[in-house]
Amino acid sequence: MKPDWRRPATIGAVLVAVGCAIRVNNALRYPTLWGYDAKGNWEYVRRLSHSWALPEPDAGWSTSHPPLFYYLCAALSRLANALDLDFAVVLVRFASTAAGLAIVWLAVQLVRRADPENARRRLLAAALLLFLPGHVMISAMVNEELVAALFTSLAVVGVARALEGGARDSAARAAGVGAAAGLSLLTKLSGAVALATALGTYAAAGWRGGRGRAAGVRIGLVVLVASLAGGWFYARTWVRHGYVYPHALPVHEVMFSMPPGERRPYDYVNLPLATFRDPQVLNPALLRSVWGSTHATLWFDGHRFFLPAKSDEVRRLGTLILVLALLPSVAFGVGLLRGLRRAVLSPRGPDLPLLLLVAFTLAGYVLFTWRNPWFATLKGTYLLGLCVPFAFYASEVLADWTRGRGVRAAALWLALGLLAASVTLGFSYGLVFDKREAPGLVWQATGR
């Protein structure tokens with residue numbers, strides 16, 4: 001029986017196969033210990049693989065980070081102890097890839113529950129994450145982002161399901177939400193947004209539904225379980241060192257001379273043409289643009305950890321991808337407005353937790369980049385905790401815009417297909433581009 005290439009299930013299977021093939025290729029071919037903070041991260045893993053005892057926050061580049069991801073990597077490293085470092089890193093990459101694909105599945109399932117008859121929307125939700133360059137790149141790095149994003153996604157989907165149950169929702173679900181939020185917090189400080197989202201959702205739903213006492217019980221459970229799962233690490237740090245989370249440790253002093261060295265309000269409204277014409281974060285025009293650099297690192301390799309730094313072909317590919325990426329980005333913005341309207345009209349549905357997660361995450365990102373005013377802290381991958389709301393809202397709008405067989409729908413499908421093809425060719429490591437220089441950009445010569 002021949003496959004029907006017009007069926008969403010067939011197209012979806014092809015997209016998943018291609019998305020997985022990209023990640024498997026990268027897991028096997030991306031150089032060992034390349035990637036964001038990869039050497040410092042692996043040093044943390046190496047310490048834990050020899051002794052499970054937590055190191056001091058200033059013992060190494062990454063040792064101030066919450067430990068869950070590093071403990072998991074250390075366990076995989078011990079599993080591969082009879083083999084070599086390369087194999088251990090490949091195991092970690094496959095684990096990160098599995099976490100990333102689990103996020104895709106959660107997003108598709110949330111779309112299915114909200115819009116069960118819309119197969120086109122489920123297809124789009126999956127594709128938006130499978131071919132998101134930041135999602136693809138981070139899968140090949142020794143980095144905690146996807147694990148933290150998975151637990152954040154589990155928490156927000158769990159609390160969204162709680163709203164569906166209303167007064168009938170079980171305390172067990174609240175405990176599960178607390179566990180997911182706590183594990184996100186134990187993976188990365190940004191996991192605090194998962195906890196804030198859960199608490200805000202239960203509080204708002206309880207107030208609107210006149211179930212304050214039940215909401216209070218759920219909030220108490222979430223806080224208790226999250227504290228046991230992840231809060232202990234921050235309590236331990238506070239007791240031992242006098243702070244909940246360190247800032248500007250001496251071990252990180254190399255960053256303190258990185259450009260631009262300060263942030264101004266203008267940096268948060270400036271979107272220069274360099275975002276599209278020369279998408280690398282040390283471009284003098286892009287250096288002062290928070291959201292331009294974020295766009296260039298979420299939808300492209302603005303830090304050049306994956307692609308050659310000095311290549312006109314790479315620059316042109318970046319222009320193409322970043323211009324095409326405006327389509328799902330704008331769709332996401334329109335979808336947020338739709339979700340806000342629904343959330344105001346009805347307490348049910350997933351909109352309230354999804355919108356709270358977006359608001360808390362963006363606010364946290366602004367605060368983080370303000371307190372850490374260096375180009376290295378501008379990474380779109382820090383926003384991967386928003387995978388589920390991004391896929392949920394962008395797919396809703398794109399499914400509407402591509403309905404029918406008119407010229408507009410055909411043009412939009414062509415643009416989305418070209419975007420996916422460009423990401424496949426550009427971010428399948430070694431397929432088209434051969435990166436021979438060290439990863440990253442040379443920043444010492446740029447000055448301020």
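Predicted model: local features only at pLDDT ≥ 70, side-chain atom pairs only at ≥ 80, totals over all residues.
Residues are numbered from 1 along each chain as its sequence is written, and side-chain values use heavy atoms, with hydrogens and water left out.

View 1. Helices (H or I, at least four residues) and strands (E, at least two) are DSSP runs, numbered from the N terminus. The C-alpha trace spans about 60 × 60 × 50 Å along its principal axes, and the radius of gyration of 22 Å agrees with the value near 22 Å that a compact globule of 448 residues would have, where the radius is taken over C-alpha atoms and the globule rule is 2.2 Å times the number of residues to the power 0.38. Of the 448 residues, 55% count as buried, a term that means under 20% relative accessible area, with exposed being over 50% and partly exposed in between (1.4 Å probe, protein chains only). Among contacts (heavy atoms within 4.5 Å) with a separation of 6 or more, 75% are accounted for by residues 24 or more positions apart.

**View 2. Glu144 in the loop between helix 6 (133–139) and helix 7 (145–165).** Glu144 is buried yet has no salt bridge, a salt bridge being a side-chain nitrogen of Lys or Arg within 4 Å of a carboxyl oxygen of Asp or Glu. The nearest side chain of opposite charge, Lys188, is 5.0 Å away; Lys and Arg count as positive and Asp and Glu as negative, while His and the chain ends are not counted. Not counting residues up to four places away in sequence, Glu144 touches Asn41, His65, Phe69, Tyr70, Thr187 and Lys188.

**View 3. Ser77 in helix 3 (residues 68–79).** Ser77 counts as buried because its relative accessibility is 15%. With neighbours within four places in sequence left aside, Ser77 is in contact with Trp42, Val45, Ser49 and Ala88. Between Ser77 and Val108 there are 31 residues of separation in sequence and 32 Å in space, C-alpha to C-alpha.

**View 4. Ala196 in helix 9 (residues 192–209).** Ala196 has a relative accessibility of 25% and therefore counts as partly exposed. Ala196 and Phe131 lie 65 residues apart in sequence, and their C-alpha atoms are 29 Å apart in space.
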